[in-house]
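Me: Hi! I have a structure to look at and I'm new to it. Could you walk me through it?

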Amino acid sequence: MTSDARPAPVKDSAPVGFQEHDHQTCVETALASVEARCSTEGLRLTPVRRKVLEMLLQEHRALGAYAILDRLRAEGFGSQPPVAYRALDFLVQNGFVHKIERLNAFVACSHPGQSHSPAFMICRKCDAVAEAQSAPAKGVLGAAARAAGFEIERTVVEAEGLCPDCTEKA
Ligand SMILES: [Zn+2]
Ligand SMILES: [Zn+2]
Ligand SMILES: [Zn+2]
């Protein structure tokens with residue numbers, strides 16, 4: 001990994017997931033694990049794809065395609081929407097980024113490289129998003145599916161509510 005001389009944008013006010021954590025390490029670890037997977041699987045992590053992933057990793061919050069495009073433009077990556085959409089397609093297809101249907105926006109995966117069914121907790125006040133694992137084949141839905149002879153391949157779990165920060169402020 002090349003170390004970029006520019007300091008990462010520091011946003012003290014930004015929510016860093018639902019728990020206090022070492023966000024710098026969190027971003028670096030996630031980037032490193034994506035880079036490792038790209039090199040073992042021969043995926044091309046182009047500068048623009050990497051930039052989009054980095055933006056999302058910085059946030060722990062869902063960003064819409066237009067917000068991403070704005071930032072890309074500001075960073076000199078061009079302003080054509082396909083630039084952002086193609087990068088997002090690549091990141092979503094490879095499981096590095098998830099789409100939050102509810103918000104029509106994107107978040108970086110919290111554990112890229114593992115195959116998993118994500119369950120999202122979305123704060124309705126600040127748009128912070130935390131990712132948990134769901135087990136679609138278990139629980140009530142799994143039982144209902146088995147009774148119906150249905151095999152679940154994918155579920156989308158998006159819970160809306162208040163994050164700990166916003167609960168405190170309320
Ligand atoms: Zn973090
Ligand atoms: Zn994930
Ligand atoms: Zn919140």
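Reply: Happy to! One term to start: donors are N, O and S atoms within 2.8 Å of the metal (3.2 Å for Na, K and Ca), and water is not among the atoms, so sites may look incomplete. This is a predicted model, where local features need pLDDT of at least 70, side-chain atom pairs count only at pLDDT 80 or more, and totals for chains, interfaces and linings use all residues. Residues are numbered from 1 along each chain as its sequence is written, chains are lettered from A and ligands numbered from 1 in the order in which they are written, and side-chain values use heavy atoms, leaving out hydrogens and water.

Me: Okay, what spacing do the donors of the zinc ion (ligand 3) follow along the chain?

Reply: The pattern is C-x2-C-x36-C-x2-C. The protein donors are the SG atoms of C123, C126, C163 and C166, lying 2.3 Å from the zinc ion.

Me: And which arrangement do the 4 donor atoms make?

Reply: Tetrahedral, because their angles are 105 to 113°; for four donors, that label needs all angles between 85 and 135 degrees.

Me: Is C166 buried or exposed?

Reply: C166 is buried, at 7% relative accessible area, and C126 counts as buried too, at 19%. Buried means under 20% relative accessible area, exposed over 50%, partly exposed in between (1.4 Å probe, protein chains only).

Me: New topic: where is H60?

Reply: H60 is in the loop between α2 (47-59) and α3 (65-74); helices (H or I, at least four residues) and strands (E, at least two) are DSSP runs, numbered from the N terminus. H60 has a positive phi of about 55° without being a glycine.

Key: Tetrahedral: all angles 85-135°; square planar, octahedral: opposite > 155°, others 65-115°.
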